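Please write a short report on the local features of this model.

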Amino acid sequence: MASYEKFLYVGIALDPIHVGTGGARIGRVDLTIVRDPITRVPKIPGSSLAGVYRTYVAMAETEARPNRKVDEKDWPYYPHCAGLGQARDKYLGHCGQPDCPVCTVFGFARGKDQAGGFAGLAAFSDAHVLLFPVPTRQGPHWVTCPMALRLVGLEVSGMQGNAVYLENVSNNKLNLGWLFLDVQACAQMQQVKTSLEGLGVYSYIIDCLAILPDRLFIHVVNSNLEVRTSVSINPETGAAEEGALFSYEALPRTTVLVWEVIAKNPKHFKVSGSDVNVTLNGGRQMDAPDKVFEVTKRAHPYLEHLGIGGMGTRGMGRLRVLSASTAPSAASTVNCGETASASSEEQPSTGGGHS
């Protein structure tokens, strides 16, 4: 009996996504988004994902079981089993029942300083950028890098120099935003494309795929984020409020993200001294990690329409999950270096020169 199982989720931003750092900054943009402290590539924190998933699963359960009671008292999953959990006024807080799919999968808090609760059966990683759209003179391209492809089980090697790797090489350089780069060929690109197709990535993205070295990927992503400017309107004058102009950045539309969920085995845990006793659709019991995974997927239709992050009323936030499946157990290798050398021998006029 497995104690846990790892699942891989891949999603595409239907709108720009703004998950802010929680305050204004002095710089080019007033409201910046969360970045990885090591790579400086924007990401969606796992805490944001866990909170949104919890809320949307609670909504789904409320719609499926609208007359739910606990101790003969009306206790709908939403909003009570979503949110912070501590009861106040008319908010009852988390029910903490061993048959609650929300409190068992996402955890709950009880008592002073949130002690005496349950940690939950699903653990969310941060969502990282897998494919990022960039304007070029040949139309949009979606860039990735070995660091990002490693998250989906591809180990890419052999990339050298300041070049962009495409499936077919040409004599022309390619601009990625303001960067003007040599082009190298990677005949093993098809292996990367096949893997991405298996993850549900759309063909119009795969057809315009480009691989960059990690260091260039970081620069290209941060140089091509969407930046919007907004201003408050004075309701009396109908004109812009003085001093209320602000700007904010976001991951652009069609950015492809990847994140993991570790699902624990419910058989190994007890809630308030009792076994986990959640009943799923069809009368099945949530008795294995894949059943925990099944509960989390109930949030996906809501994620696609209600979104994640801030500025949701300004056309931001919707995220469509393209695939959710068991994570690959072993990495596949792709050697772009060998391919680039072979291509340069066939086409010596290529402007690369970095292999």
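Pro-79 sits in helix H2, residues 77-80. Helices (H or I, at least four residues) and strands (E, at least two) are DSSP runs, numbered from the N terminus. A cis peptide bond links Tyr-78 to Pro-79, with omega at about 10°.

This is a predicted model: local features need pLDDT of at least 70, side-chain atom pairs count only at pLDDT 80 or more, and totals for chains, interfaces and linings use all residues. Residues are numbered from 1 along each chain as its sequence is written, and side-chain values use heavy atoms, with hydrogens and water left out.

Two non-glycine residues with positive phi are tabulated here. Buried means under 20% relative accessible area, exposed over 50%, partly exposed in between (1.4 Å probe, protein chains only).

| Residue | Phi | Place | Relative accessible area |

Next, the surface. Val-231, Ile-233 and Leu-245 make up a nonpolar patch with about 280 Å² of accessible area together. Patch residues have over 30% relative accessible area and no salt bridge; like charges are joined within 9 Å, nonpolar side chains (Val, Leu, Ile, Met, Phe, Trp, Tyr) within 5 Å. A salt bridge is a side-chain nitrogen of Lys or Arg within 4 Å of a carboxyl oxygen of Asp or Glu. Areas come from the Shrake-Rupley method with a 1.4 Å probe; for residues, only the protein chains shown count as cover. Leu-245 belongs to strand E16 (residues 240-250). Leu-245 is exposed, at 59% relative accessible area.

On a 1 Å grid over the protein atoms alone, a cavity is a set of points where a 1.4 Å probe fits but cannot get out, a pocket is an open set with protein on both sides within 12 Å along at least five of seven lines, and lining residues have an atom within 4 Å of a point.

The largest pocket has a volume of about 170 Å³. Its lining includes Asp-36, Lys-43, His-128, Arg-150 and Phe-217. Strand E8 (127-134) and helix H4 (146-149) each contribute at least two lining residues. By class, that lining has 7 nonpolar, 2 polar and 3 charged residues.

There is 1 cavity of 30 Å³ or more. The largest cavity holds about 30 Å³ of space. Among its lining residues are Ile-17, Val-19, Lys-43 and Leu-251. Lys-43 also lines the largest pocket.

Notes:
Points joined across faces, edges and corners; volume = space filled by probe spheres on them. Nonpolar A, V, L, I, M, F, W, Y, C, P; charged D, E, K, R; others polar.
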